[in-house]
Amino acid sequence: MVLDFSQNGISVIFEITDKKKVALKNFAYEGVCCCEEKPIKWRPALELHISGGNQDDHHGAKHTGTSGFFSLCYEEHKYYENEYGNKLELSLCDDKLRTIINYQFYKDLSLVRTWTTVENILSEDVGLEYVSSFAYTGLSEDSPRVRIPHSSWKREANWKDYSIEELGLDRNCDFSMNRITASNTGMWSCKEYLPMGAYYDEKSTLMWQIESNGSWQWEIGDIADMLYLRLSGPTEQENQWHKELKPGEVFESVKTALSFGADFDSALETMTKYRRILFQNSETNKKMPIIFNDYMHCLWADPTTEKMLPVIDKAAEVGAEYYCMDAGWYADGTWWETVGEWLPQEKRFPKGINEVFDHIRSKRMVPGIWLELEVMGIGCPLAEKFEDECFFMRHGRRVIDHGRYQLDFRNKKVRDYTTSIVDRVVQEYGVGYIKSDYNIEGGVGTEVNADSFGDGLLENNRAYLEWIDEIRAKYPDLVLEGCSSGGLRMDYAHLEKHHLLSVSDQIDWRHTANIAAAIPTAVLPEQALIWTYPRKENSENAVVFNMVNAMLQRMNLSGEITALDERQFALVKEGVECYKRIRNDIANFVPFYPMEIPKYGDGWLCLGMKTNERRMLAVWRMDSKENELEIPLDFEVEDVKIFYPSSADCAVSKIHGGIKVSLPGTYTAVILEV
């Protein structure tokens, strides 16, 4: 039996054998799989492995030949329309488990969201070791290449392009022990890679994202002379995750999304539109307020009333609408290992912390505050008043990382405590903005009330997001910024719930350009908060460069705002005014890359943003020796003009197939409207 659910340019075809085994026969973009005649044994629609099961394959570390395929059989399927589009629920069953493969399709999008639910129908426990959120064997082999988004602190969204052979997947027999894989273990979902990837050839691109704010894994490998893709949340092998499923209990895997396009830009456009469906924005944040945060090259986590008042005045003068007081407000001197009480330090605010918040409001800005509620410092007096089960525990001891304990959000005492902190800063201080940071790595997880460390981690992470939902429901006008030492949780489990994301802690404005240009591959432009931090030592070109970094996404103003000279300040103010002219378009912007995704070492960078009515380009000349750049565009150019700055030492003109830009000096930048 063949079940064909093809739509929106995606071929999605399942095959069910006489023995009721289920294979994903075809998953391709406007094409037919070249492997449809291969043995169905190696083309499972689901990989699932249970404790004590036989992984019947010469697999090495690969997630192939898992026990689920050999025991699970087709039971039924449901296919119906819902608010998003069409939904497929494909049920497979054996004597232990009932699993449902979920495919959510979306109207007019070449994309599918996938996940798996597993129910124990036995009268005894069943151990889960691996559950795929998506499995397909039969990827195109027409000179395929893989794009992997490496990521790190201050070097986020660093995409690199490889042939499969460069990654060790040489094809000299029908299968190997090799695989191309990326994974994350722990709380920082993006500390080494973004939970994304792309597989492409000359005809199409398949892009995926794994929506996990913790551990995850994907792999591409070869089997039976075919190439496969597996996406999952935590696994036992990679992430120390094991789930002992009780009778009647249901486990749901993390969700994944896969988009198709003729090329990378079109697959990214589809993924961007899908992310907007996921993103739970608020009416307050839809106004796209301009944020000033006093950390970066400004007060550097050392706020006092005396220091803040002049900064507040200048932030208001330049056009900021929110002012966020960053870290250090709760400590006398060192603050790292004492966090947890979240009480203002009297020496910093002799007349009380509300003096500065009242001053912010008097300047017609909304006050904000920095918190790090998922941790408690080992030097915090409250740490001894909280029981061990309030924290991550491993081997009978509290987990300590970088001088902090990791709080467990499954614990009611923890949730009540963190909610009380939010209540105080909102109700007593009147803040309308919280920068919620996270600066440690809680590691593989916790043993408290968990079947494995990874099980404790996954359940904590899900409980944390549920808590965020509770806070948002309680304070619907509160704007929540997610930050994890910059962009170390740049995933759409986390981003679905947070209005904004601080994408990097990069302190060098030149390197910030590389990050800002690549971030739209991972984060919606209306969520991506980009630092712009002009300093008194900056040339006018450097001030402009800073502003260009943030112009097409979300502006996070900071820097030595009180020390700028008249001309420098005027360039910042002009940048804010220009930003306000286009900010209503940003929530509809779709990114495109006329010169491919920027890489470190590129002499020029270019980021495009488009709506149906508008095309904007950010162009940065880095250290290139060439002062001219030809930018190819796939649409007819009627006109091109400089949008910012008005005084740009820049020449632009139309040429056949695009535009030409001239920037005379290195490390200069401009915003163009085409």
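This is a short talk on the overall build of one protein and on a few of its residues.

First, the ground rules. This is a predicted model, where local features need pLDDT of at least 70, side-chain atom pairs count only at pLDDT 80 or more, and totals for chains, interfaces and linings use all residues. Residues are numbered from 1 along each chain as its sequence is written, and side-chain values use heavy atoms, with hydrogens and water left out.

Now the whole protein. We have 11 helices and 40 strands. Both are DSSP runs, numbered from the N terminus: helices are H or I with at least four residues, strands are E with at least two. The radius of gyration is 26 Å, close to the 26 Å from the globule rule for 674 residues, so the protein is as compact as a globular protein of that length. That radius is taken over C-alpha atoms, and the rule is 2.2 Å times the number of residues to the power 0.38. Along the principal axes, the C-alpha atoms fill a box of roughly 80 × 70 × 40 Å.

How much of the protein is buried? Buried residues make up 64% of the 674. Buried means under 20% relative accessible area, exposed over 50%, partly exposed in between, with a 1.4 Å probe and protein chains only.

On to contacts, meaning heavy atoms within 4.5 Å. Take those with a separation of 6 or more: 69% of them join residues 24 or more positions apart.

Next, cysteines. How many disulfides are there? The count is zero, where a disulfide is a pair of cysteine sulfur atoms within 2.5 Å. For cysteine 298, the nearest cysteine sulfur belongs to cysteine 324, 12 Å away. For cysteine 606, the nearest is that of cysteine 650, also 12 Å away. Cysteine 606 is buried, at 1% relative accessible area.

Two close-ups to finish. Serine 67 sits in helix α1, residues 67-71. Is serine 67 buried or exposed? Buried, with a relative accessible area of 11%. Beyond residues up to four places away in sequence, serine 67 touches Leu48, His49, Ile50, Gly53 and Asn54.

Then tyrosine 579, in helix α11, residues 566-586. Tyrosine 579 is buried too, with a relative accessible area of 0%. Setting aside neighbours within four places in sequence, its contacts include Met288, Ile290, Arg554 and Ile586. Tyrosine 644 is 65 residues from tyrosine 579 along the chain, yet their C-alpha atoms are separated by 9.2 Å.
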